[in-house]
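Hi,

Here is the structure I said I would pass on. Have a look at it first, and then read my notes below.

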Amino acid sequence: MIRSAEGVVVVGAGWAGIAACFAASNAGIPAILLERTDRCLGTGLVGGIMRNNGRFTATEEAVAMGAGRLFAVADSSARHVGVDFPGHKHASLYDTTKVEALARRLLEEVGVKVMYETRVVNVLTEHRPTHAQRIVRSVVTERGEEIAGAAFVDATGSAGPQRNCQKYGRGCAMCVLRCASFGPRIGIVGKAGGLEVVATNSLGTKGSMSGSCKLLKGSLDPWVRQALDETGVVLVPIPSRFKLREEKLIKACQQYDLPEYYDNMVLLDTGEAKLMMSYFPLPKLRQIPGFENATYADPYAGGRGNSVRHMSIAFRDHAMRVDGFENLFCCGEKSGPLVGHTEGIVTGLLAGYNAASYILGRKPLVLPTSIAIGDFVRVTGDASRSEEGLRQRFTFSGSIYFERMKTLGLYTVDIKAIRRRVEEAGLMGVFTGGEDVEGKSGYYGENKVNRIGVPRRGSKIIG
Ligand SMILES: Cc1cc2nc3c(=O)[nH]c(=O)nc-3n(C[C@H](O)[C@H](O)[C@H](O)COP(=O)(O)OP(=O)(O)OC[C@H]3O[C@@H](n4cnc5c(N)ncnc54)[C@H](O)[C@@H]3O)c2cc1C
């Protein structure tokens, strides 16, 4: 048995789990991070889009609250910043080949003990007569180790496993989660006896399909590669006989549910070429000029399908505490029908902070709705409790929630105004104990030529 009796045990090293550890460690509580694969960042290994639309506001709020070092991982590995593409403004695109090393380094620097290839398969709970809610005592790994803790965070995400991708998708597409090698995702809330629900899609079936794949940049024609390197974005019209209809109805990313994404191949430069479609049949793809040798980097069977997500969402309160448990918190895709790295990070920060607060005997922190993150945490938590909410996907970057941000006046790219809001809420540096409030995230570091408000080169439209 490995004991961490005084600390927080976080399961799942995606963006949400990493953020939870960051906040717990900064609150002075030791954190252990358990990850079933051999890499951290989970689905963040194949994403990369940050700071688009309302994510900019949420990022700067979190930076003002002390999460600058965490966002610096993404910002400092950005290949392009201030990029516009259809429906999205001022995005930065991190390099998926560089970001993981920086995330690992940060975890080391803040003193998080990470155990890779450690899949949690069971959870031991108890009822104490003096406590109204159940208490999680320990988690058990596939190797049979029991890991005890004072508080726990379920950051296991909502993707797959293969059985779900077979049943609700187009089969296992061999994505970055590599279920066949490391074993299926297992949720901590469900194993502890808590309730988990499944989100639905526009077809009325369960889950939703991931909305982008990666093509090996080297497999594309030099003119496509060059355009990507120069501007970060390339649009190539899709011949009408090749357009897919079904993909639109089941995809996870409602923020890309715009005609431009069905009429064009939208490519973004995240180290490889991020193709903004759930999947696209290889024989058709190779008939499009520039793509004659196109090869999928993720998922390997991107010509066939993609991972199915939003398969397991927990009920929780606005402090990220799971219903029915005293010391179990959740974050990221586990905590609502939400999408995105930024969304994973901000919910993770709050879950980790409140797990630490529980151990320290502090009142849980509930963020006010005067800041976008506080509003988002409430809206997404409540959405899990209704059928209509579970049909939606919430993200700061588009669709229903970005519209809400604009209506409520929460969206702005004025960093001073954002910091003022956080200050007025008394939350400056809250995730670092009041230190590190300078807001340095690396976004304005050297080589980042495209800033908000600075004219930039336009995206390249080809064909
Ligand atoms: C192909 C693709 C592209 C995307 N592109 C973008 C993008 O460009 N920008 C953006 O903002 N968002 C993007 N997203 C969405 C974004 O990646 C997710 O919404 C977000 O990162 C979810 O983070 P998470 O930590 O909640 O879950 P995950 O990233 O799923 O992480 C969960 C982790 O838990 C681990 N785990 C699961 N079960 C166990 C267990 N029992 N024991 C131990 N470990 C376990 C998993 O191995 C995994 O590492 C993309 C998603 C996909 C799939």
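Predicted model: local features only at pLDDT ≥ 70, side-chain atom pairs only at ≥ 80, totals over all residues.

Buried means under 20% relative accessible area and exposed means over 50%, with partly exposed in between. R385 has a relative accessibility of 43%, so it counts as partly exposed. You'll find R385 in the loop between α12 (372-383) and α13. Its C-alpha atom is 7.2 Å from that of F315, although 70 residues separate R385 and F315 along the chain.

Now for the ligand. It is surrounded by 36 residues, and the closest are E35, R36, T43, E333 and H341. By type, that shell divides into 12 nonpolar, 16 polar and eight charged residues. Two domains contribute to the shell: domain 1 (2-203 + 309-432) and domain 2 (208-244 + 270-307) each supply at least three residues.

T43 has a polar side-chain atom 2.7 Å from an oxygen atom of the ligand. R55 also has a polar side-chain atom by a ligand oxygen, at 3.3 Å. With W15 the backbone is involved: one of its polar backbone atoms is 3.4 Å from an oxygen atom of the ligand. As for how covered the ligand is, it would expose 1,000 Å² taken alone, and the protein buries 97% of that.

Next, the aromatic rings. Searching the whole structure turns up six aromatic pairs. One of them is Y353 with F431: the ring centres are 5.7 Å apart and the planes meet at 75°, so this pair is edge-to-face. The two residues come from distant parts of the chain, 78 residues apart, with Y353 in helix α11 (residues 341-360) and F431 in the loop between α15 (415-424) and β20 (460-461). Both ends of the pair are tucked away: Y353 has a relative accessible area of 13%, so it is buried, and F431 is at 2% and is buried too. Elsewhere, F376, F396 and Y401 are linked into a cluster by ring pairs.

Then there's R393, which I'd zoom in on. R393 is in the loop between α13 (387-391) and α14 (399-407). It may be an arginine, but with a relative accessibility of 1% R393 counts as buried. What does the side chain of R393 reach at 3.0 Å? That would be the backbone oxygen of L390. There is also a polar contact of 3.3 Å between the side chains of R393 and H310.

E117 is not a glycine, yet it has a positive phi of about 50°. E117 belongs to the loop between β6 (113-115) and β7 (120-126), and its relative accessible area of 47% makes it partly exposed. G183 is in the loop between α5 (179-182) and α6 (188-191), and at 11% relative accessibility G183 counts as buried.

M320 is another non-glycine residue with a positive phi, here about 75°. The loop in question runs between β18 (313-314) and β19 (328-330). While E117 is partly exposed, M320 is buried, with a relative accessible area of 0%.

Finally, where are the cis peptide bonds to look at? One goes from G160 to P161, with omega near -5°, and P161 is in the loop between β9 (146-154) and α4 (162-168). Another joins D298 and P299, with omega about -20°. P299 is in the loop between β16 (296-298) and β17 (308-309).

Cheers

Methods
Residues numbered from 1 in each chain as written. Heavy atoms only, no water. Near = heavy atom within 4 Å. Polar contact = N/O pair within 3.5 Å; in protein donor to acceptor, adjacent residues only side chain to side chain. Areas by Shrake-Rupley, 256 points an atom, 1.4 Å probe, with all protein chains shown as cover. Nonpolar A, V, L, I, M, F, W, Y, C, P; charged D, E, K, R; others polar. Domains from an automatic or database assignment. Phe/Tyr/Trp six-rings, centres within 6.5 Å; stacked < 30°, edge-to-face > 60°. Helix = DSSP H or I, 4+ residues; strand = E, 2+ residues; numbered from the N terminus. Buried < 20%, exposed > 50% of the residue type's maximum accessible area, 1.4 Å probe, protein only.
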